[in-house]
Amino acid sequence: MKGRVRGRGELKGPESAGSRTLTGPQLFLLGGSFLITLGSFAVLPYMSVLLHDRFGLGLGVVGVVLAVASLVQFSGGVVGAALAARIGLRATMLVALAVRTVGFAAFVPGLTRPVVAVAALFLVSCGAALYLPANKAYLVAGCGHERRPGLLAASGSAFNAGIALGPPAAAPFVLTSPDGLFTGVAVLFALVGAGHVLLPSVADTGGGVEDTAVEGKAVEDRAAEADGVAAGAVAGSRLPPFAFTVLAVYVFMFFQHYLALYAVPRTSTAFYGAVLMGYAILLVVAQPLLARRLAALPYATALRLGFGSMAAGTAVLALGGRAGIAVGAVLLCLGEIVLFLKNDLEALARSAAPSATVFGRQRLAAGLGAFAAAAVGGQLYGVAERAAAVPVFWLVVSAQAVVLPALMVVWVGGSARRRAGDGPVAAHRPR
């Protein structure tokens, strides 16, 4: 088939110069993404305090509740993708926002009923699971591959800006007037949901999707050619992006979960807060600026750069002190920018499935990585703390950032060689 082949999510007609500008629906989704995470992170980071201090739940119970809620929020993206395939992207986002609105509103009666508060938390987690795959799929619908990196990077920046501003915005109210905070967040979600009602369907954005198997295969072939020999060894396989997402989130969540325990006693709460704020600002600014360059990198090169940055960052954290913690955070931020964006782009390029399905699988991978980090990290940190050797914890994490991806590459390469070796032999086998 000669000529330009349209893949999933690309425009049906040739893209004009003006198609590179953001559309009204895309601008609304980016603004909505900021408001959604602003509201969510005005509440969710304080759940451990509320569940433990206000409701008197033991830390063990709180840990289990938060771990399960996180797993639901991430892995439930597969359900969100399936729902989007059945009722459409806009309808799925509306259902998700309605569920989250009810969840945040339910926190108000939950202030005097712990069971209701836990149920509200799970409603909020379910809503998040349903929303994100449909949101990302809607954002890139009708766009060619050259526009996806910028759009996904802008989406990540919008989410991360909300994550950065939500906790400090809510800090004055979360313990003194939580009922007002929960009510305000519920109203915010209701308003954002009402705005989603006005969004056109994907078919009306000029981005119809063509679903033939031939065109899907063409997308995979182009992605394999762009990545060269290293990616060609696993062309057509959906395993590497999924597996490397699991590993990337697994390594990153050690930093997310345990930096506070490590940094605050060695510096101060003010310095820790400044590190988090600087991290978020760097992520918001740098990811869109680097998006096109990251999209052009071969996948194998991006993996080496991303995991190398995470390994270096966690090793520098072991030095302790303000300089070590600050430099380590910057290196980890670079690793997050490279791996999180590149894995999503690679998963899209290698799959002929709808975008929402791809993003749902990626959320599942992130959930598995986060859950594994929570399960393993607590044990490792406890052992290091009892041995009065907490810096060794970060060296162990650094070693995992090197060894685990290398083992995955060796395993994938070995599988590819075995398949290639079986081909000629199979051709000469007697029938």
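The structure is a predicted model, in which local features need pLDDT of at least 70 and side-chain atom pairs count only at pLDDT 80 or more, while totals for chains, interfaces and linings use all residues. Residues are numbered from 1 along each chain as its sequence is written, and side-chain values use heavy atoms, with hydrogens and water left out.

## Charged side chains

Side chains of opposite charge can pair when their charged atoms come close. In the whole structure, a search finds 2 salt bridges, a salt bridge being a side-chain nitrogen of Lys or Arg within 4 Å of a carboxyl oxygen of Asp or Glu.

One of them joins Lys136 to Asp344, with the closest N and O atoms 3.1 Å apart. This pair links distant parts of the chain, since Lys136 belongs to helix α6 (residues 114–140) and Asp344 to helix α13 (residues 321–350), 208 residues apart. Helices here are DSSP runs of H or I with at least four residues, and they are numbered from the N terminus. Both Lys136 and Asp344 are buried, where buried means under 20% relative accessible area, exposed means over 50%, and partly exposed lies in between, judged with a 1.4 Å probe and protein chains only.

A salt bridge also joins Arg350 to Glu346, whose closest N and O atoms are 2.4 Å apart. Because Arg350 and Glu346 are 4 residues apart in helix α13, they are separated by about one helical turn. An α-helix has 3.6 residues a turn, so residues three or four places apart point the same way. Arg350 and Glu346 are both buried.

Arg100 has its place in helix α5 (residues 89–110), and its side chain is joined to that of Ser40 by a polar contact of 2.9 Å. A polar contact is a pair of N or O atoms within 3.5 Å; within protein, one must be able to donate a hydrogen and the other to accept it, and residues adjacent in sequence count only if both atoms are side-chain atoms.

Helix α12 (residues 299–317) has 19 residues, which at 1.5 Å a residue should span 27 Å, and its end C-alpha atoms are 27 Å apart, which agrees. The expected span is 1.5 Å times one less than the number of residues. The buried residues of α12 include Tyr299, Leu303, Phe307, Met310 and Leu317.

On the surface, Leu165, Met277, Ile281, Val285 and Leu289 form a nonpolar patch with about 460 Å² of accessible area together. Such areas come from the Shrake-Rupley method with a 1.4 Å probe, and for residues only the protein chains shown count as cover. Patches are made of residues with over 30% relative accessible area and no salt bridge, with like charges joined within 9 Å and nonpolar side chains (Val, Leu, Ile, Met, Phe, Trp, Tyr) within 5 Å. Helix α11 (residues 269–296) gives the largest share of the patch, 4 residues. Ile281 is found in helix α11, and Ile281 counts as partly exposed because its relative accessibility is 48%.

The table lists pairs that are separated along the chain, with the distance between their C-alpha atoms.

| Pair | Apart along the chain | C-alpha distance |
|---|---|---|
| His52 and Gly63 | 11 residues | 9.9 Å |
| Ala84 and Tyr131 | 47 residues | 9.4 Å |
| Ala85 and Ala134 | 49 residues | 9.4 Å |
| Ala158 and Gly31 | 127 residues | 7.0 Å |

His52 lies in helix α2 (residues 47–54) and, at 31% relative accessibility, counts as partly exposed. Ala84 lies in helix α4 (residues 77–87) and is buried, with a relative accessible area of 8%. Ala85 lies in helix α4 as well, but Ala85 counts as exposed at 64% relative accessibility. Ala158 is found in helix α7 (residues 148–170), where it counts as buried at 12% relative accessibility.

Ala388 lies in the loop between α14 (355–386) and α15 (390–428). Although Ala388 is not a glycine, it has a positive phi of about 55°, and it is exposed, with a relative accessible area of 71%.

Definitions and conventions. Helix = DSSP H or I, 4+ residues; strand = E, 2+ residues; numbered from the N terminus.
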